[in-house]
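Subject: Structure handover

Hello,

Please find the structure below. My notes on what was found in it follow.

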Amino acid sequence: MERQTGILMPISSLPGNQGIGDFGKHTYRLIDAISKQHIRIWQILPLNPVGYGNSPYQPFSSYAGDEIYISVDTLADYGLLKQSSIRNYNKFSEKVDYDGVRAFKAPYLKKAYKTFLKMQDTFAQEYQLFCSTAPWLYPYAVFITLKKHNQMASWTQWPKEQREWIRNRRFSLKEFEEEIRYEQFLQFIFYKQWNQVKAYANAHGVEIMGDLPFYVGLDSADVWQNQEDFLLDPQGNPSHIAGVPPDYFSDDGQRWGNPIYNWKQMKKDHYDFWMERLAWNQQQYDIIRLDHFRAFDTYWKIPASCPTAKDGEWIMGPSYEFFDEVFRRFPDIRLIAEDLGDLRRQVGKLRDHYNLMGMNVISFELQPKLLKKPRKEHIVLYTGTHDNDTLEGFYQLLTQNRRIALRRFFHNCGYDNRMFHELVIRYCLDSAADVVILPMSDILGLKSEGRLNTPGTIGSPNWEWKVKNLKEFYALLPKLGEWMQAGGRS
């Protein structure tokens, strides 16, 4: 295949007039800029409504979008707001204040909804089409409405009649009808704006890579609506939870807390829960990165009563039978396998059987003896992911001897750059890997202040990093383009 380059940049980390990156003008400017330098892939993180700790990997839905990404300025372009009424909020902040942004945007979104009701004829056909092609929409709108009425408590803690509405429809929703319609409006606007962004990117030769978490959160419309597909007790609480054993990131392993799938039940239904998730994501993204791919082979199952992840056990996953169903239904789907970690060889066999690209992360290999090993072509090579420290942050923690050894290695490869992150980026671009993905924070040469997430920790500063502007990135693009051309990637 053509040797390609991409960037990793969450929407939330982009500049934004209202304190967070959104689907507004800065997103389009980024697409224009990377397109001109022949950067063909833009990888983002999940766009679903973030839950506890603002993690995009613990969302309230696998389908719904988080209204925090709706561009208020673009609402004015639709005629739903007056541009003169829009104010800025934390425009130049380098940190996302999620609660503050939500509180600031809420009045604008509600005002836009009131105008939308008066302009229904203008949007009627488009709105009806969206509702008819999003079967998840109404259940999600009910879920999030009831959740808000229960002070955002988990659905397992709602009054019984509300908790069981999804099964028997006995609880009357009459008093909530207007709020439910408002939530549906937000989803309509979210996907209207997102589809415009994606269409613009594709028209400029840029493909969007989305990230599909393997697990879903317990406190989600997914679990509420599909309880039989998870290992839950009669009250809806998980009997077993997901995580990973002790590894590179944590001596105690990671206790994620997500409920474990009831794979026996899913098999009876031909994995419909997963197939519907994949179908929706295939509409939204050109390429889907399957997070935690190894769990399709074997997954770590932890009793919910255990305080750490050490006490789990490896269980066989759905493996080939699952992917046979995937490619039977979606023969053209494009998947990337996140196959990182200490894996048994069967994971690689599963990946290769379906000719899926795997991943390498150079941050895990920054030792001369590892860097000298031949690299496969059919992989996606990252300098780092959303879970890594930045290259410069990593470099700051190295011993002086290891710094000298690495610089000697890169200089022997012919690279004379002074900055460590530039040495690594050039090495990756010149490598045999078919695709190289560069996180924005590494392109900018940021230290640990540019780190997005630290696994095993919850809350600030995770997921809060953003840039106040992209001037420096735009200035660096011509040099990056030269390195790409030298590596045969333009």
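At 14% relative accessibility, Lys-192 counts as buried, where buried means under 20% relative accessible area, exposed over 50%, and partly exposed in between (1.4 Å probe, protein chains only). Its side chain meets that of Glu-126 in a salt bridge, at 2.9 Å from N to O; the term requires a side-chain nitrogen of Lys or Arg within 4 Å of a carboxyl oxygen of Asp or Glu. Because Lys-192 lies in helix α8 (residues 177-203) and Glu-126 in helix α4 (residues 120-132), the pair ties together parts that are 66 residues apart in sequence. Glu-126 is partly exposed, at 34% relative accessibility.

This is a predicted model, in which local features need pLDDT of at least 70 and side-chain atom pairs count only at pLDDT 80 or more, while totals for chains, interfaces and linings use all residues. Residues are numbered from 1 along each chain as its sequence is written, and side-chain values use heavy atoms, with hydrogens and water left out.

The salt bridge count comes to 22. Asp-297 and Arg-344 form one of them, at 2.7 Å from N to O. That pair links distant parts of the chain, 47 residues apart: Asp-297 is in the loop between β6 (287-290) and β7, and Arg-344 in the loop between β9 (335-337) and α13 (345-353). Asp-297 is buried at 3% relative accessibility, whereas Arg-344 is partly exposed at 30%. Asp-352 forms a salt bridge with Arg-351, with the closest N and O atoms 2.8 Å apart. Here Asp-352 is partly exposed, at 46%, and Arg-351 is buried, at 14%. A network of salt bridges links Asp-272, Glu-325, Arg-328 and Arg-329.

Next, the strands. Helices (H or I, at least four residues) and strands (E, at least two) are DSSP runs, numbered from the N terminus, and two strands pair if DSSP finds at least two bridges between them. An open sheet of four strands has the order β5-β4-β7-β8, with antiparallel pairing. Its edges are β5 (254-259) and β8 (313-316), each with a single partner strand, so one side of each has no neighbour in the sheet. Within this sheet, β4 (residues 240-244) and β7 (residues 298-303) pair over four bridges, and Gly-243 stands opposite Trp-300 in β7.

Elsewhere, β11 (residues 379-382) runs parallel to β10 (residues 358-361), joined by four bridges, and parallel to β12 (residues 435-439), joined by three. Val-380 in β11 is the bridge partner of Met-359, and Val-436 in β12 that of Leu-381. From β11, Ile-379 and Leu-381 point one way and Val-380 and Tyr-382 the other, and all are buried.

How many cavities of 30 Å³ or more does a search of the whole structure find? There are four. A cavity is a set of points on a 1 Å grid over the protein atoms alone where a 1.4 Å probe fits but cannot get out, and lining residues have an atom within 4 Å of a point. Grid points are joined across faces, edges and corners, and a volume is the space filled by probe spheres set on the points.

The largest cavity holds about 140 Å³. It is lined by 17 residues, of which Thr-385, His-386, Pro-439, Ser-441 and Leu-452 are the closest to its centre. Helix α18 (residues 440-443) gives the most to this lining, with three residues.

Regards

Methods. 1 Å grid on protein atoms, 1.4 Å probe; cavity = no way out; pocket = protein on both sides within 12 Å on 5 of 7 lines; lining within 4 Å.
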